[in-house]
Amino acid sequence: MATEVDTWSSAPKADGVFSFEDNLAQANCPYTVDDELLNEAEVNENWTPQEKALHEARLKAKAKRRLRKSSRNSTSESFSESGETSGGDPNSPKGKIIVSDRKSRAGKGRGLPKKGGAGGKGVWGAAGMVYEDEEPDMRDPNYDESSQGDTVYATVVPEIDEKELEKMVNPIVQEYFEHGDTKEVQMLLKGLNLGSHKYEFSSLAVSLSLEGKASHRELTSRLLSDLSGKMLSQSEMARAFDKILKELPDLILDTPEAPQMLGQFVARAIADHVLPMSFLDFYKGKVDCEHARVALDRAEVLLTMKREMVRLDNVWGVGGGLRPVKHLVREMNLLLKEYLVSGDVSEAEHCLRDLEVPHFHHELVYEVVVMVLESKGDTASHMMIKLLQSFWKTGLITVDQMNRGFHRVYDELPEINLDVPHAHSIMETFVDLCFKEGVITKKLQESCPARGRKRFVSEGDGGVIKS
């Protein structure tokens, strides 16, 4: 070992012992590390393998130092070009720049970690930091509509055009004529998007009622009154009636009485405040159609006659099962009294049909029998039998209604007998005549109650019983 040390000390400087001046000289050498290794190998061919390995390791360490020195020089030059100075010796330990160092290379800052320690892999942020909820952006490529919670879908109903309006409104009006519930019609209309054609519902309803019964027209007037102010304004109602007035030449082909009926509709609408009071004044002197003038004149006459009344309730007559029972009874009683005066069977039949209460015809039979019992003479009896016979033959009064009316009189006969002492005998005679004319059945005749007791002709008849 001592021999090796002596050999190293007596060897030239190229053998591995370098000074600072040698480093500066060697830094300016143009040849590379590989060329130097080849030259040293040629000079020292008599070195042992251990000496050669130690020499090569020293050369490689020397080359690494050169590379670090050159990188420091290039970094200082870049700072000087940008107007900043490094402020220290690059060869000193403090002047070294390490790539993996997190400190500022510009000589600024306090040497703290970047982002205050809030950055880094698997870090949500600095301690105590609170993040606010962010609204999802629909333009975000990662936006997922299904993951945004409960989604509310609005129902969009397309507006109905004029061609489909009649197909959808016609069933609603026809069904309303059956049930008469205006609230259900309002609910159905809210489900339809009528749009600008809303006013046409009123015109279609009036047109359909003109082809129907008087009760249908009464229901239509009530419907217009309930819809006014809630779904249709007065201006829209006026627009609907204006359209019907223009369509009168076509409506009169199917309904010859359309002008008079439309006039009654207009008068009822004005009385119910569905149309403005100035509706008729707008058409004065501006109507060329003859049928429209007839309708407007009819409305003006009705309003003049009923100006003291708030509503024209009876403009369509009395009919339908929606009328009170007392009102129907009064109308039937009036019908029979007019018949006894005029004797017109056809007129009585027409009035009974206009009432539109076939389920209540037993009341007419009851009133007929009571009038016969309370009348004097046989004239009323024969006229009533003629009336019942006509109603029986035309089918206006059914068997069930006829039997029900007579049975009601049978049940109340004891009470009627208090006011009419001879009610039993009159009843028996009238029932026999009705059976002979074919008005009632044999079973109904036999069910007539008999007189309460047998009576004598007089007290001095010697006990002879009247046969």
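**View 1. Overview of the chain in the predicted model.** Of the 467 residues of the chain, 33% count as buried, where buried means under 20% relative accessible area, exposed over 50% and partly exposed in between (1.4 Å probe, protein chains only). This is a predicted model, in which local features need pLDDT of at least 70 and side-chain atom pairs count only at pLDDT 80 or more, while totals for chains, interfaces and linings use all residues. Residues are numbered from 1 along each chain as its sequence is written, and side-chain values use heavy atoms, with hydrogens and water left out. The secondary structure comes to 20 helices and zero strands, taken as DSSP runs numbered from the N terminus (helices H or I, at least four residues; strands E, at least two). Among contacts (heavy atoms within 4.5 Å) between residues at least 6 apart in sequence, 68% join residues at least 24 apart.

**View 2. A positive surface patch that includes Arg 65.** Lys 60, Lys 64, Arg 65 and Arg 68 form this patch, a term that covers residues with over 30% relative accessible area and no salt bridge, like charges being joined within 9 Å. A salt bridge is a side-chain nitrogen of Lys or Arg within 4 Å of a carboxyl oxygen of Asp or Glu. Arg 65 is found in helix α4, which spans residues 49-81, and is partly exposed, with a relative accessible area of 45%.

**View 3. A negative surface patch that includes Glu 135.** Here the patch is formed by Glu 132, Asp 133, Glu 134 and Glu 135. Glu 135 lies in the loop between α4 and α5 (162-179), and this residue is exposed, with a relative accessible area of 75%.

Notes: Patches are made of residues with over 30% relative accessible area and no salt bridge: like charges are joined within 9 Å, nonpolar side chains (Val, Leu, Ile, Met, Phe, Trp, Tyr) within 5 Å. Accessible areas come from the Shrake-Rupley method with a 1.4 Å probe; for residues, only the protein chains shown count as cover. Lys and Arg count as positive and Asp and Glu as negative; His and the chain ends are not counted. The place of a charge is taken as NZ of Lys, CZ of Arg, CG of Asp or CD of Glu.
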